[in-house]
Amino acid sequence: MSTVVEAGVALVLATGSVPVVPPMFADLHAWGSRDATGVVEVPDRLVIVGGGVVACEAATWMRALGSSVTMLVRGDALLTDQEPFAGAAVLDALRTAGVDVRLATRITDASRAGAADTGLGRVHGGPVTLTVERDESGSERIVADELLLATGRRPRLDDVGLDAVGVNADDVRAGRLPTWLHAIGDAGGGAPLTHMGKYEARVLGARLAGAHETPPPRDVPVPQVVFTDPQVAAVGSSEAQAREAGHDVVTVAVPFASAAGTALLRDDGVGSAKIVVDRATGCLLGATFVGHEAAELVHAATVAIVGQVPVGVLRHAVPSYPTSSELWLRLLEELPTNLR
């Protein structure tokens, strides 16, 4: 039975996303990110394909749950969208925790006996056999009880009837939509983060309801936290991204334990903090924090970027003692005198 619903104002696509599954793994019923977050059965041996956020987070908690974890990473670093020191810190921490991280690795073959969809977070069949190649060591076979594909997600737009209104998935991603049709969250092709989807829903909901609100900035920075140990928290542009965009930048980096508050949090206060500042305007372009509870520091940077607060003014935002927010004072004090 079908039901016809008529929209009086607008139609909003908030259909989320689906995993990207490379053809080699199509018949293996490998885990996706939702299996890893909804884990029911902890596999003794887990192979994770990927080196991004999902891969690093899942490796952290699955190792803590007792899995023997191997990460197969095509590139030569982890978290390549972040500042290089962030990926390096997470790589060192994962290896210290016992995760076998293999960089510059290619998978040439994959098979599984008895592959089946046994339910979210459950082992999906028999052992998985992978053939991998590394430049320095040749070919090797790896056998695991489960395989997690952390190879990305794409907007779920294939089954929502776009063709009925004369648009396609590319039109949605490019924003070429009728005035009554909107796409938000993962379906819109923006930053695939829950908090960004919630933000887009709030802004769109207020606009459709005719509420009077301050118009959003043209480019809203998207903060992201990688829940590894240590955590990685970043917002805005990395140094490389800012330079590529044409900015003349000044950067400052300090040890995470250089502030009394962070040093008191724990004895092993490893990590670093870095800011990227536009030399011409004195405004913050980006910030990255790597360390224990780094997530609690990134919102101040988000506020500074959205508000376009010059670092000379930001320096007068006095941090409480002893708290980790004193890292801001350490960072700002290291800037050139003309910016302070």
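At 12% relative accessibility, Arg 102 counts as buried, where buried means under 20% relative accessible area, exposed over 50%, and partly exposed in between, computed with a 1.4 Å probe on protein chains only. Its side chain meets that of Asp 100 in a salt bridge, with 3.0 Å from N to O; a salt bridge is a side-chain nitrogen of Lys or Arg within 4 Å of a carboxyl oxygen of Asp or Glu. Asp 100, at 31% relative accessibility, counts as partly exposed.

This is a predicted model, in which local features need pLDDT of at least 70 and side-chain atom pairs count only at pLDDT 80 or more, while totals for chains, interfaces and linings use all residues. Residues are numbered from 1 along each chain as its sequence is written, and side-chain values use heavy atoms, with hydrogens and water left out.

By the salt-bridge rule, the count comes to 15. Another of these joins the side chains of Glu 239 and Lys 274, at 2.7 Å from N to O. Because Glu 239 lies in helix 6 (residues 239–244) and Lys 274 in strand 15 (residues 272–278), the pair ties together parts that are 35 residues apart in sequence. Helices (H or I, at least four residues) and strands (E, at least two) are DSSP runs, numbered from the N terminus. Lys 274 counts as buried, at 11% relative accessibility.

Arg 330 is partly exposed, with a relative accessible area of 23%, and Glu 333 counts as partly exposed at 32%. Elsewhere, salt bridges that share partners join Glu 83, Glu 239, Arg 243 and Lys 274 into one network.

Five strands form an open sheet in the order 12-13-16-15-14, with antiparallel pairing; two strands pair if DSSP finds at least two bridges between them. Strand 12 (224–226) and strand 14 (249–255) each have a single partner strand, so they stand at the edges and one side of each is left without a neighbour in the sheet. Strand 13 (residues 231–236) pairs with strand 16 (residues 284–291) in the antiparallel sense over six bridges, and Gln 231 stands opposite Gly 291 in strand 16.

Which residues of helix 8 (residues 298–306) are buried? They are Val 298, Ala 301, Thr 302, Ala 304 and Ile 305. These residues cover an arc of only 165 degrees around the axis, which puts them on the same side of helix 8; the arc is that of the directions from the helix axis to the C-beta atoms. They pack against strand 13, strand 16, helix 9 (311–314) and helix 10 (327–333).

Of the 29 residues in the largest core, Ile 275, Leu 284, Phe 289 and Leu 335 touch the most other members. Leaving aside neighbours within four places in sequence, Leu 335 is in contact (heavy atoms within 4.5 Å) with Val 250, Val 252, Ile 275, Val 277, Val 311 and Arg 340. A second, separate core of 26 residues includes Val 73, Leu 78, Val 90 and Leu 91.

How values were computed:
Core = buried A, V, L, I, M, F, W, Y, C linked by side-chain atoms within 4.5 Å.
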